[in-house]
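Please keep the model open while reading the points.

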Amino acid sequence: MQLSDEIFNRKNEAGGGIEVICGSMFSGKTEELIRRINRARYARLSVKVFKPKLDVRYDESDVVSHNAVAAASTPVDKSEKILLLAGHAQVVGIDEAQFFDAKLPEVCQSLANKGIRVVVAGLDMDFKGRPFGPMPALMAIAESVTKVHAVCVKCGNPALYSYRLVPGKEKVLLGEKESYEPRCRVCYNSKV
Ligand SMILES: Nc1ncnc2c1ncn2[C@@H]1O[C@H](COP(=O)(O)OP(=O)(O)O)[C@@H](O)[C@H]1O
Ligand SMILES: Cc1cn([C@H]2C[C@H](O)[C@@H](COP(=O)(O)O)O2)c(=O)[nH]c1=O
Ligand SMILES: [Zn+2]
């Protein structure tokens, strides 16, 4: 199987690019980000991973998936810091991209234009089903967009929504299974 990231998995050619991994909560975005990062490390490329400082859900600095796969990362409070901290990295990974500010697409664009492979993972939609933060703009400028799906907890079909189980209308509300469940379109719209 030719996975979409493999077009970038080259060691000796210049040529940066942006890969976006998007989907609902529990869809495997972080796992897929870590998988690509690890493959880049096997290719002996230098890799740096970043996440937004506010994401302290599983760990203050590591990127951690719901099934406890982890990678060391640097938390940053604004996207421009990634440009300063990327150093000589050939591959830059960014998790929880939905929480970053509106400059993230510009930051990823400058990294890619410098020849860096940028792999960005994030929620494409918030709990209301609205596009989340800089994700739509990132998807527009990316070479590759991979949409992954969780399993709907109600019916077992592929899930694209993150249904909020707890009260609260604020867009940003950190949480896991106690606060959100992945649902397919039909089960999301049923609201029960
Ligand atoms: N309903 C579900 N559908 C799919 N995976 C689930 C579900 N509930 C828990 N998981 C776990 O979540 C893991 C994916 O976690 P993660 O990569 O952190 O997802 P994301 O970053 O998209 O939230 C899966 O490998 C699986 O172990
Ligand atoms: C839908 C939705 C989610 N969040 C928060 C909840 C989690 O802390 C993260 C998503 O993490 P994951 O790695 O994708 O599972 O985002 C939020 O703040 N607002 C929302 O609408
Ligand atoms: Zn369903």
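1. Basis of the note. The structure is a predicted model, in which local features need pLDDT of at least 70, side-chain atom pairs count only at pLDDT 80 or more, and totals for chains, interfaces and linings use all residues. Residues are numbered from 1 along each chain as its sequence is written, while chains are lettered from A and ligands numbered from 1 in the order in which they are written.

2. The sheet. Six strands form an open sheet in the order E5-E2-E6-E7-E1-E8, with parallel pairing. Strand E5 (74–76) and strand E8 (144–148) are at the edges; each has a single partner strand, so one side of each has no neighbour in the sheet. From one strand to the next the twist averages 20°. Helices (H or I, at least four residues) and strands (E, at least two) are DSSP runs, numbered from the N terminus. Two strands pair if DSSP finds at least two bridges between them.

3. Pairing within the sheet. Strand E1 (residues 17–23) runs parallel to E8, joined by five bridges; Cys-22 is opposite Lys-147 in E8. E2 and E6 are also parallel, with four bridges, and Phe-50 has Ile-94 in E6 as its bridge partner. Four bridges likewise join E6 to E7 in the parallel sense, where Val-91 has Arg-117 in E7 as its bridge partner.

4. Side chains of E6. In a regular strand the side chains alternate between the two faces of the sheet. Val-91 and Gly-93 point one way from E6, Val-92 and Ile-94 point the other way, and all are buried. A residue is buried if 20 or more other C-beta atoms lie within 10 Å of its own, exposed if 12 or fewer, and partly exposed in between, with C-beta atoms placed from the backbone.

5. Helices on the sheet. H1 lies across E1, strand E2 (47–52), E6, strand E7 (117–123) and E8, and runs at about 165° to E7. H3 packs on the sheet as well, touching E1, E6 and E7, and its direction makes about 155° with that of E7. Axes here are lines fitted to C-alpha atoms, for helices over the stretch in contact, and angles run from 0 to 180 degrees between N-to-C directions. Residues are in contact if their C-beta atoms, placed from the backbone, lie within 7 Å.

6. Annotated residues. In an unreviewed entry, UniProt places the feature "active site" at Glu-96. The UniProt "binding site" listing, also unreviewed, includes Phe-26, Lys-29, Thr-30, Asp-95 and Glu-96. UniProt positions are given in the numbering used here, feature names are shortened, and annotations may be inferred rather than shown by experiment.

7. Where do Asp-95 and Glu-96 lie? Asp-95 is in the loop between strand E6 (91–94) and helix H3 (104–113), and Glu-96 is in the loop between E6 and H3. Asp-95 counts as buried because it has 27 C-beta neighbours inside 10 Å; Glu-96 counts as buried because it has 24. Leaving aside residues up to four places away in sequence, Asp-95 touches Thr-30, Leu-33, Lys-51, Val-63, Ser-73 and Ala-121. With neighbours within four places in sequence set aside, Glu-96 is in contact with Lys-51, Pro-52, Asp-55 and Gly-122.

8. Shell of ligand 1. Of the 15 residues around ligand 1, the nearest are Lys-29, Thr-30, Ser-65, His-66 and Asn-67. Helix H1 (29–42) and strand E9 (150–151) are the elements that give two or more residues to this shell, and H1 gives the most, with three residues. The shell divides into six nonpolar, seven polar and two charged residues. A residue is near a molecule or strand if its C-beta atom, placed from the backbone, lies within 6 Å of it. Ala, Val, Leu, Ile, Met, Phe, Trp, Tyr, Cys and Pro count as nonpolar, Asp, Glu, Lys and Arg as charged, and the others, Gly among them, as polar.

9. Shell of ligand 2. Around ligand 2 there are 15 residues, of which Met-25, Asp-126, Phe-127, Ser-162 and Leu-174 are the closest. This shell holds eight nonpolar, three polar and four charged residues.

10. Positive phi angles. Phe-26, a residue other than glycine, has a positive phi near 70°. Phe-26 is in the loop between E1 and H1 and is buried, with 22 other C-beta atoms within 10 Å. Ala-68 also has a positive phi near 70°, and is found in the loop between strand E3 (63–64) and strand E4 (70–71). Ala-68 counts as exposed because it has 7 C-beta neighbours inside 10 Å.

Technical notes. Two residues are in contact if their C-beta atoms, placed from the backbone, lie within 7 Å.
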